[in-house]
Every structure is written in structure tokens, then in C-alpha cells.
Amino acid sequence: MSDIQITPPESGAEIERHEEHAVDRFDNPGLPPHIHRAADDDPEAGKRAEKQVATLFGLSMLATLVFLVAYFAIPDESTFYLPGVGLSKTQNVVLGLSMGFALLFIGIGAVHWAKTLMSDEEIVEERHPQRSDDRSRAAAVTTVLDGGANAQLGRRPLILYSLTGALGLFALPFVLQIVGSLGPVNAPEELKETIWDPADNDGKPIRLMRDPEMTPIKLSDVTNGSVFHVMPETLQKYIDAGHGVLEAKAKAAVILIRLEPDLIRVQKEKDWGVDGVVAYSKICTHVGCAVGLYEQTTHHLLCPCHQSTFDLPDDCNVIFGPAKRPLPQLKITVDDAGYLVAPQGFLEPVGPSFWERSR
Amino acid sequence: MSTINETRPAEALRDGDPDVEQERADTKPLGGIAGWLDDRTGGAKPASHFLKKVFPDHWSFMLGEIAMYSMIICLLTGVFLTFWYVPSMTQVVYNGSYVPLQGVTVSDAYSSTLNISFDIRGGLLIRQIHHWGALIFVVSVFVHMTRVFFTGAFRKPREINWVLGTLLSMLACIEGFAGYSLPDDLLSGTGIRAMNGFVQSIPIVGSYVSYFIFGGAFPGEAIIPRLYSVHVLLLPAVLVGVFTAHILFVVIHKHTQFPGPGRTNNNVVGFPLMPVYMAKAGGFFFIVFGIIALVSAVVSINPIWGYGPYDPSPITAGSQPDWYMGFADGALRLLPGFLEFDTFGFTWSMNIFPGSILLLPIMWTVIGVYPFVESWVTGDKREHHLLDRPRNAPTRAGIGVAGITAYTVLLFASGNDLMAIKLHLSINDLTQLFRLLFFIGPPIAFWLTKRICLSLQRADRQKVLHGRETGTIWRYPDGRFEEIHAPLSPFERWALVQHESPEPLRISAEADENGVASPLARKERVRAKLSHFYFNDRVAPPTPSELEAAHHHGDEVDEGHLLTGEHEAIDPATTGDSSSTPRETIKADRKRST
Ligand code: HEM
Ligand code: FES
């Protein structure tokens with residue numbers, strides 16, 4: 001052993017010092033004298049307290065009665081103006097207040113009873129050390145050792161090992177059962193797809209539709225500074241089928257805005273738009289809220305969740321907030337009928353990052 | 001007011017603690033149902049023992065009770081809600097009595113929550129009680145936790161209960177999040193969407209885990225039923241189980257008490273369960289329930305009909321989670337985007353992962369291990385049943401306030417957009433400020449708290465040595481004015497002088513005989529450093545001889561009952577310098593309690 005040891009300063013001579021200095025601590029003076037309350041000595045005060053408690057319990061019964069009547073008497077749709085709160089549902093307010101007071105008066109009554117009439121003289125209970133005494137501890141060890149010896153665990157290692165193995169493995173089927181069936185395992189591929197892929201539309205360009213009306217948008221409808229919330233025309237299939245709608249929308253949401261073409265500072269952004277009309281994914285690249293607050297004056301798109309701010313004229317690069325990547329742009333053109341269409345899907349995954357995103 | 005019994009020294013009280021119950025003449029035989037039960041269970045003995053259990057009284061001990069009661073209230077009202085709530089994401093056309101949404105396609109979950117609010121009589125009230133109860137539950141759990149922390153109630157033998165409590169507070173937050181998501185409205189749906197983003201940010205397995213949780217692509221149809229079984233079955237079962245163990249430990253350990261005359265480390269002074277504590281605690285349940293019902297009657301909470309059903313494309317301005325998840329949201333707002341990077345084509349979302357998935361386990365682990373760290377540093381292996389007054393453990397108080405400061409900065413950061421609007425500040429500046437505060441706030445808070453605690457301790461010393469200010473000013477013939485100080489009675493004094501003020505541990509030797517540094521030395525050096533950090537600044541509690549000296553020092557008036565307050569500087573020997581301070585007192589205590 002090394003001779004390092006941690007000691008409280010002046011570790012020697014503990015006993016003597018204890019003896020010597022114990023006198024220089026104050027002594028616990030013991031419980032202070034008990035002070036009588038009015039109701040302890042004065043029968044009148046006791047009587048008064050009794051009446052007060054009974055009144056409180058009585059008020060509780062009254063409040064319950066109000067609840068019972070109000071439950072039947074107040075029509076569902078009635079409302080009234082509650083000062084300081086606003087227009088409120090009468091039923092909710094009356095039922096809540098009467099229930100609240102019924103409970104509260106029971107509580108206040110009980111506490112008042114305890115404080116005025118029950119003994120307020122403090123009682124002392126002993127504590128004992130938490131640990132068992134040495135004999136019991138030794139007995140416990142003996143019991144376990146004897147049991148182990150009886151089962152011959154030490155002498156027959158084969159049983160020990162095989163039991164450990166069996167116990168170690170038996171839970172696996174349950175875990176596998178759950179994990180195996182929780183969800184599909186094609187996540188990395190699916191996360192990269194949206195229904196803007198022309199493959200979803202027999203290879204034809206996909207029209208941009210107003211969300212939620214699902215009507216196509218003409219280039220001329222998009223006036224300067226106006227903002228459109230857009231879904232692909234392919235969404236209609238899901239709406240008609242009645243399922244998969246929200247899953248499709250969760251990745252396909254797009255925002256369409258017309259800028260002055262000279263404002264746009266990135267050539268790709270100009271090329272992928274039409275006369276300053278540009279379309280970007282509306283799903284925040286941070287954790288996926290819908291980025292829908294557009295500031296007309298600064299041309300910023302703002303996410304309401306954690307305030308990531310995307311600079312629209314600069315290809316939606318992040319200029320503030322916790323998101324890292326720009327919103328992906330959707331290339332748009334105009335079809336023969338004059339409607340806006342997307343000739344190719346998104347070229348990169350939309351929405352929040354995931355491990356396999358760049359693969 | 002008259003006084004009965006004489007001053008009862010604690011030692012004498014202990015002597016009187018009877019081992020065997022004396023038979024009393026006025027008692028009755030156990031009969032009726034209780035007798036029938038005892039015949040079959042033998043429960044009379046433990047029951048009467050339990051009914052006589054003593055609970056100490058202090059307002060701060062009610063915080064845990066509030067937590068317990070609001071949990072019970074949530075359980076009761078939650079059962080009510082399950083009768084009508086439908087945990088399904090099947091799309092249906094709403095045709096209930098809330099006119100603005102009639103004809104809109106919504107999920108079963110949303111539509112049934114609307115029905116509870118508008119078509120089930122009293123349903124809205126129960127929903128609001130459930131939600132208010134949940135909020136008060138989480139608040140009271142946290143406040144209860146700080147009480148336990150600052151008073152050192154987590155020390156031996158209560159470490160296990162501290163860990164259980166830590167677990168409970170984490171489960172409470174998760175339970176709340178699961179419940180908040182159930183109505184499937186726009187706001188809570190946005191919360192689930194963000195949760196999906198968090199999960200996707202987990203390195204390597206994130207995308208798979210997301211698909212497992214949602215049963216496929218977000219949002220799918222599985223998440224609400226799954227959250228439902230977590231919210232009403234899994235977590236309540238675990239919560240109730242852990243809570244029961246928590247309470248059982250309180251009974252086994254007996255409640256701690258604040259120091260005071262007659263209270264020692266070996267007794268509990270308070271009121272018996274039957275009848276005083278029963279009436280007070282039982283009454284308090286009704287008070288908590290009553291107040292929650294009153295609040296729910298007038299203050300509307302989570303009016304989901306105003307938010308609309310969940311749909312991934314509309315935007316929700318100012319979306320915020322319930323307050324107890326705010327700190328995680330704040331952390332996400334402060335983490336800068338440049339922390340995301342790619343290696344070998346794989347994406348590390350370090351702007352998301354630490355603030356969302358890692359934050360909770362890290363925070364709760366740090367809280368959970370604190371008692372073990374402290375007891376390692378102090379080397380204190382004794383049982384502690386007397387609470388510390390927070391000022392008497394300045395470093396611990398400082399650590400606690402520093403932690404709360406970090407938490408609060410994150411919580412406020414989650415409202416940076418609202419603050420920017422209300423205060424007309426730029427959100428960029430605010431965010432930068434919060435980032436700065438997150439790092440410099442806690443150290444400042446630590447330092448301030450510790451200083452304040454030490455000053456309070458000095459003030460206590462002054463009070464003991466020179467008496468309490470009476471507000472009476474004396475004028476002497478020579479024109480001097482002086483305030484008269486009244487000496488403290490032994491009862492008043494005791495709480496101010498009973499504590500220990502340990503000194504830092506010191507290493508007595510760092511190398512063996514050959515001058516080789518011992519491998520143990522490094523660990524122990526760390527420990528000595530930490531001990532120094534904990535205990536170097538200390539104010540020793542006054543001793544009788546110091547009081548004696550102070551008496552002789554001042555001019556005594558009125559036969560020593562009133563001391564003139566002559567304020568002398570505290571002798572440095574008794575405050576800072578460890579070499580000359582009396583250390584023995586601590587050992588004396590150690591001897592007494594082991
Ligand atoms: C343990 C028994 C519980 C049961 C059976 C239960 C049941 C339910 C049910 C069925 C709902 C959906 C109905 C609705 O939103 O109106 C719900 C919502 C909720 N639950 Fe619970 N719950 C329990 C405990 C808790 C606890 C302990 C908390 C909080 C820590 C909590 C927090 C919530 C919240 C915040 C909501 C949303 C309420 C709202 O929309 O206003 N629940 N709960
Ligand atoms: S989701 Fe958009 S900033 Fe977080």
C-alpha cells in the first residue's frame with residue numbers, strides 16, 4: 001500500500017479533542033415549552049372552532065348542490081362574458097366553480113379542525129440506524145451461501161453457464177417481435193422521395209396546385225410579391241384513395257413566390273424559375289416545421305418553430321437560426337395550357353437531415 | 001397563553017420512548033370489520049404502528065404532496081377522458097356541435113376531443129382539470145426537487161430515493177408530452193413533427209428509428225394509438241410503481257426535519273399521522289384539487305378547436321410546447337446550424353441531436369449522480385436526518401442555482417421570438433445574448449449565491465454573538481446613540497449554532513518512502529481539490545466561548561439581558577483561515593452519530 005491517505009486536518013488525538021472541545025459547542029436545549037392555544041383552555045373558543053369547521057363542511061355541501069342543479073339546468077351552448085377572462089362557457093364556469101368550492105371547503109375545514117382542535121403538541125419518535133445489525137447481516141450471507149452450496153452452483157459450472165445462456169437469450173424473441181414489426185426498413189430510400197417525381201405522373205411534368213383547393217395555377221395568377229402554398233397535382237390520387245394524404249403532404253409542401261427577377265442573386269435560382277416566380281420546399285431543413293412566414297420587405301422566409309431564416313433571393317440560404325442547409329428549390333416551367341408545372345422532382349431530399357441524406 | 005410542561009430536553013424524551021405499549025384502562029377490544037380483518041391478516045399491529053408515525057411540519061414538505069395529489073388528480077380525470085377519447089388517426093368528417101369545424105375532415109382523435117369539449121356535459125371541465133393538473137404536477141415535481149437539493153435531503157441514507165425522484169421527474173415530462181400530442185391538433189402535431197426531426201438526427205440509426213416509431217413515413221396512422229398506450233398504460237404504470245417505491249422509502253427512512261430545539265439526528269419531532277397529519281394532508285388534497293378545479297373553471301387551456309386539425313402544410317406562428325419541454329426547445333434554438341457536417345457522405349446533425357435526444361438523458365444523469373459525487377468529495381459516510389439550512393452549504397447552493405440558471409436560460413430562449421416582438425429587439429441579438437448567458441450565467445450565479453450564503457451565515461453569527469436587533473435606540477448622556485440588541489434565548493439560538501462547517505480535506509502524503517508518486521495520489525488529489533472547492537470558504541458556527549467573549553466585550557446593560565450592539569469585525573480566525581479554526585466539533589458530531 002502506498003502511504004497516501006486523505007485525512008481531515010489534525011486527525012490525531014480525536015478522542016481527547018472530542019472530550020476537550022465538546023464543551024465548546026452549544027447544547028441542544030430540548031423542545032421549547034408548549035404554548036396553549038385558545039381552544040385548549042377556553043371551552044368557548046373550542047365551541048367557536050367547532051362551529052367554524054361545521055360551517056365550512058356545510059358550505060361544501062351547498063356547493064355540491066349547486067353543481068348538481070347546474071348540471072341539468074344550464075344548456076350546453078350558453079355563454080357569458082366573464083370579466084377579466086372573456087367570453088366563457090357558462091356550464092364550464094359554473095360546474096368548475098361549484099366543484100372547486102365543494103372540494104376546497106372540505107380541505108379548509110379539515111385543516112382548520114386540525115389546527116384549532118387537534119393536539120398541537122409535538123411528539124418525538126426515535127430513529128434507528130438504517131443498516132441491519134452485524135449479526136443479521138452475517139446471517140443473510142450465510143443463508144445465501146448455504147443456498148448456493150445446496151444448489152451446487154459452485155461445483156457444477158455447466159449448469160451455471162447454460163442457465164446464464166438461456167436467461168440471456170430468452171428475451172430476444174420478444175424484442176425481435178416488437179422491433180421486427182414496428183415499421184418498415186426502407187426508411188433511407190423513402191425519406192428521399194417526394195410525389196413531385198414525374199414518375200408518379202406517367203413521366204409527365206406535374207402541375208402546381210393551390211393548397212388546399214387543389215386548383216392549378218397560371219403564371220399570370222402569381223402577381224409580384226404574392227405567396228402561394230402549393231401541392232403537386234399527384235396528391236389528388238391520394239385524396240381520392242383516402243389514405244396516405246398527410247404522409248405525401250408532409251414532404252411535398254411547396255411555397256411559390258414571385259420576386260423582381262433582378263433581385264435574384266443566384267443564376268440557378270433564376271433558371272429554375274419563370275420570370276422571377278420561384279418554388280421552394282416548405283419543409284424546414286432543421287426539424288421539419290412548415291416554413292411559411294414570408295417577409296415582403298426583406299424577402300426572408302421564416303420558420304415559426306425555431307426561427308431559422310432563409311434568404312429567398314439568395315437561393316434560400318440560411319441567414320439565421322439553427323438550420324444548416326438551404327431549402328431545396330423545385331424547378332418550374334409553364335406548360336402549353338399556361339399552367340405552372342414541375343418538369344423534374346426535387347434533386348435532393350427535402351426536410352430535416354438524416355444519416356443517409358447525402359448518399 | 002399559558003405554558004404547560006417544563007422544558008423537555010431531547011435526551012430525556014428519548015429515554016421515555018416506550019418499547020412496549022402500556023395497556024390502557026379506557027381501551028376497547030378490536031371488533032367488527034376491523035376485528036374480522038385482523039383475524040385474517042394480523043394487520044392491527046402494523047396498522048397501529050403506522051397510525052402513530054410522526055411527520056415533521058414545514059411548508060416546504062408540502063411540495064412533494066402537491067406533486068402526489070396532482071398526479072392522483074390526473075389519474076382520476078384521465079380515466080374519465082378515456083371513456084370518450086378515441087385514439088385513432090382514421091379520417092372522419094366532423095359533425096359535432098362546434099359549428100366552425102362542421103364538415104371538415106379530421107382524425108378520430110381530434111373529433112373525439114372536440115366531442116369531450118362540446119358534447120359531453122362537464123367534459124371540457126375534466127379536460128381542463130386534467131391539463132392544469134398535469135402542468136401543476138410537473139411544476140411541483142421540479143420545485144420539490146429543488147427543496148430536496150438545497151436542504152441536502154438527498155444525503156445518506158436517501159440517495160436511492162433521490163434517484164427514484166429524478167426518474168419520476170423525467171417520466172412526468174415524457175408523460176406530459178405524450179398526452180399533449182393525443183388530441184392531434186395542429187399545435188401538437190407540429191410538436192410530433194419536430195420529434196420526428198429529432199429522431200432522424202440520431203447518427204446511424206435515426207431514419208430507421210423514425211420509421212419504427214411512426215410505423216412508416218411520418219405521420220402515418222400508428223403514432224396516436226402508440227402514444228395513447230404509452231400515455232394511459234405504460235407510463236402511468238411505471239409512474240405509479242416508482243412513486244409507490246418513493247413513498248415507501250419516505251416511510252422507511254422517516255421524514256427529515258429542519259434543525260431546531262429538541263430535534264436531533266436521532267429523532268423525528270412532529271405530529272402523529274392519526275389524526276393530525278391525516279386531517280392536514282387529507283385536507284390538503286382537497287385544497288389542491290379544489291384550486292385546480294377553480295382555475296380550470298375560469299382559465300381555458302389548450303383550446304384545440306382554435307388550432308384546427310393537424311395537417312403538415314399550414315403554418316403555426318409562435319408554436320411552443322408545454323412549458324416543461326421548453327428548455328429542450330430553447331436548446332435547439334441556440335445550437336448554431338454550422339454544427340451539422342458530413343463525413344464520408346454521412347450526415348451528423350450536431351445542431352439537433354445534442355439539444356433534443358441527448359439533452360434529457362444527460363441532464364437527468366447529472367442530477368441523478370449528484371449525491372454520490374458530493375459524498376465522495378466530502379468523504380461523509382454518516383446518515384443525515386437533519387436538513388441543512390441552504391446557507392450552511394454555500395457551495396451546494398451555488399451549484400444548484402447555477403444549474404437552475406442554465407435551465408432558465410434555455411427556457412427563456414424557447415420564447416426568444418415572443419420576447420423579440422414584445423420588447424422590440426432583434427431576434428439575432430437576443431439569440432446571441434442567450435448563447436452568451438448560457439455560458440457566463442451559471443458561473444456568475446454560482447459566485448453570487450455562494451457569497452450571499454456566506455453573508456447570511458455571518459449575519460447569523462452576529463445575531464448569536466450580539467443578539468437580535470430590537471429596534472429600540474438608546475441615547476447616552478454623552479449624546480451617543482445605540483441600538484439595543486436583545487440576546488437570543490437558547491431555543492432561538494440553537495438553529496443558528498447547531499450546524500457543522502467542515503474544512504477541506506488535505507492530503508497528508510503524496511509519495512511513498514522512495515519518493516515515487518503513488519497512483520492513488522492523482523484521484524485523491526482531484527478529491528482534495530474538489531473538497532477545497534467545496535469547503536475552503538467557510539464561516540464557523542459560533543461557540544459558547546465566543547459568545548462568552550462577546551458578552552464581555554460589549555457594555556452590558558440590564559444585567560446582561562440586553563447587549564449593546566457593538567459590531568466588531570468577525571475575527572478572521574473564525575471565518576477563513578483553516579489552520580486556527582476549531583475542527584474538533586465536527587469530529588465530536590461524527591462520534592455522536594456513528
Ligand atoms: C395516468 C393516468 C392518465 C390517463 C388515463 C390519461 C389519459 C388521457 C387522455 C385519454 C387524454 C386525451 C384526451 C384529451 O386530450 O382531452 C389525455 C390528454 C392529456 N394528458 Fe393524460 N392521462 C393520464 C395522466 C397524465 C399525466 C400524469 C399527465 C402529465 C404529466 C398527463 C397529461 C396530459 C395532457 C397534457 C393531455 C392533453 C390534454 C388536452 O388536450 O388538453 N396525463 N390524457
Ligand atoms: S424546424 Fe424550422 S427552425 Fe426548427
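Buried means under 20% relative accessible area, exposed means over 50%, and partly exposed lies in between (1.4 Å probe, protein chains only). The legends below describe a predicted model, in which local features need pLDDT of at least 70 and side-chain atom pairs count only at pLDDT 80 or more, while totals for chains, interfaces and linings use all residues. Residues are numbered from 1 along each chain as its sequence is written, chains are lettered from A and ligands numbered from 1 in the order in which they are written, and side-chain values use heavy atoms, with hydrogens and water left out.

View 1. B:H130 sits in helix α6 (residues 123-150) of chain B and B:H231 in helix α10 (residues 223-253) of chain B, so the pair ties together parts that are 101 residues apart in sequence. Helices (H or I, at least four residues) and strands (E, at least two) are DSSP runs, numbered from the N terminus. Both histidines are tucked away: B:H130 is buried at 17% relative accessibility, and B:H231 is buried at 13%.

**View 2. Strand β4 of chain B and its partners.** In strand β4 (residues 267-272) of chain B, 6 of the 6 residues are buried, so the strand is largely enclosed by the rest of the structure. Strand β4 (residues 123-126) of chain A runs antiparallel to it, joined by 4 bridges; two strands pair if DSSP finds at least two bridges between them. Look for A:E126 opposite B:N267. Strand β1 (residues 54-55) of chain B also pairs with β4(B) in the antiparallel sense, over 2 bridges, and B:F55 stands opposite B:F271.

**View 3. Where chain A meets chain B.** In this view, 114 residues of chain A are in contact (heavy atoms within 4.5 Å) with 156 residues of chain B. The two chains bury about 11800 Å² between them, 61% of it on carbon and sulfur atoms; buried area is the accessible area (1.4 Å probe) that two parts lose on being put together, summed over both. A:F26, A:R127 and A:W355 supply 9% of the area that chain A buries against chain B, more than any other three residues. There are 4 salt bridges between the chains, a salt bridge being a side-chain nitrogen of Lys or Arg within 4 Å of a carboxyl oxygen of Asp or Glu. One joins B:D311 to A:K249, with the closest N and O atoms 2.6 Å apart.

View 4. B:R389 and B:D460 meet in a salt bridge at 3.0 Å, N to O. B:R389 lies in the loop between α14 (353-378) and α15 (394-413) of chain B, and B:D460 lies in helix α17 (residues 427-466) of chain B, 71 residues apart. B:R389 and B:D460 are both buried. B:R461 pairs with B:E546, the closest N and O atoms being 3.2 Å apart.
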